[in-house]
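Q: Hi, I'm new to this one. Could you walk me through it?
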Amino acid sequence: MAKSNEVVWWSLFSAGGVVAALLVPALLFITGIALPFLGPVAYETLQSLAAHPLSRLLLFAVIALSLLHWAHRFRHTLIDMGLRRGGVVIACLCYGTALVGTVVAAYLVITL
Amino acid sequence: MAKPYVRRVPAAWWLKKPAYVKFMLREWSSVFIAVYCVILLVMLARLKAGPEAYHGFLAALRSPGWLLFHLMALLFAIYHSVTWFHATPKAMAPRLGEERVPPALLVAAHYLVWLVLSAGLIWFVLGR
């Protein structure tokens with residue numbers, strides 16, 4: 001059973017890896033460094049930028065897929081660092097957290 | 001029938017060779033990216049809540065602690081990108097008819113897309 005689940009999580013890991021690789025550095029620079037330190041963008045401007053349907057989609061995709069990427073990678077990292085088979089608990093915690101994040105992202109993006 | 005022997009691996013196995021350390025750094029880059037995603041979710045929530053919440057959020061990010069986090073996260077995110085691009089030709093080798101696409105070309109294409117998307121995003125949000 002574990003082998004057949006693996007494919008799903010690995011596919012999400014792959015998709016998340018690509019999306020994170022291409023988009024996270026720029027987003028990180030924008031929200032973590034530019035906006036706080038290089039002069040903020042007016043609230044109205046940023047709000048309307050984020051509320052654009054394409055922005056909503058992009059934000060959801062980046063957040064959800066990056067979390068799912070982390071979940072799979074981190075689960076295997078824990079196994080590599082000595083938690084052996086890891087067990088169902090670690091898998092549930094990792095994927096569960098990512099799924100919660102996905103739901104929260106969907107909610108925030110829809111109600112922006 | 002005897003149980004198969006499972007060799008004990010020391011917890012610090014990955015410190016033994018530089019290649020292993022780089023591997024671990026790459027794996028842990030995903031943690032920084034995940035934490036950043038949570039921060040991004042908080043930002044969206046604050047943006048939803050109104051101008052005061054938004055400016056309060058930015059003010060909180062101006063602390064040295066958060067600046068340090070973001071700088072480290074940025075380095076790790078870039079490390080993820082670079083290692084991902086260079087791993088792609090090993091994971092998939094697309095063909096153009098008979099010939100395999102040269103790995104360097106595949107990697108260069110990723111860098112180009114990365115540059116274009118990053119510049120586009122930065123201009124889109126900050127440049128108006």
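Q: How does the span of H1(B) agree with its 32 residues?
A: At 1.5 Å a residue, those 32 residues should span 46 Å, and the end C-alpha atoms of H1(B) are 47 Å apart, so the two agree. The expected span is 1.5 Å times one less than the number of residues, and helices are DSSP runs (H or I, at least four residues) numbered from the N terminus.

Q: Anything I should know about the model and numbering?
A: This is a predicted model, where local features need pLDDT of at least 70 and side-chain atom pairs pLDDT 80 or more, while totals for chains, interfaces and linings use all residues. Residues are numbered from 1 along each chain, chains are lettered from A and ligands numbered from 1 as written, and side-chain values use heavy atoms, without hydrogens and water.

Q: Switching topic: which residues touch the most other members of the largest nonpolar core?
A: Val24(A), Ile63(A) and Tyr54(B), out of 64 residues. Such a core joins buried (under 20% relative accessible area, 1.4 Å probe, protein chains only) Ala, Val, Leu, Ile, Met, Phe, Trp, Tyr and Cys residues through side-chain atoms within 4.5 Å.

Q: And which helix gives the largest share of this core?
A: H1(A), with 14 residues.

Q: What is Ile63(A) in contact with, leaving aside neighbours within four places in sequence?
A: Ala105(A) in its own chain, plus Cys37(B), Leu40(B), Leu41(B) and Leu44(B). Contact means heavy atoms within 4.5 Å.

How values were computed:
Helix = DSSP H or I, 4+ residues; strand = E, 2+ residues; numbered from the N terminus. Buried < 20%, exposed > 50% of the residue type's maximum accessible area, 1.4 Å probe, protein only.
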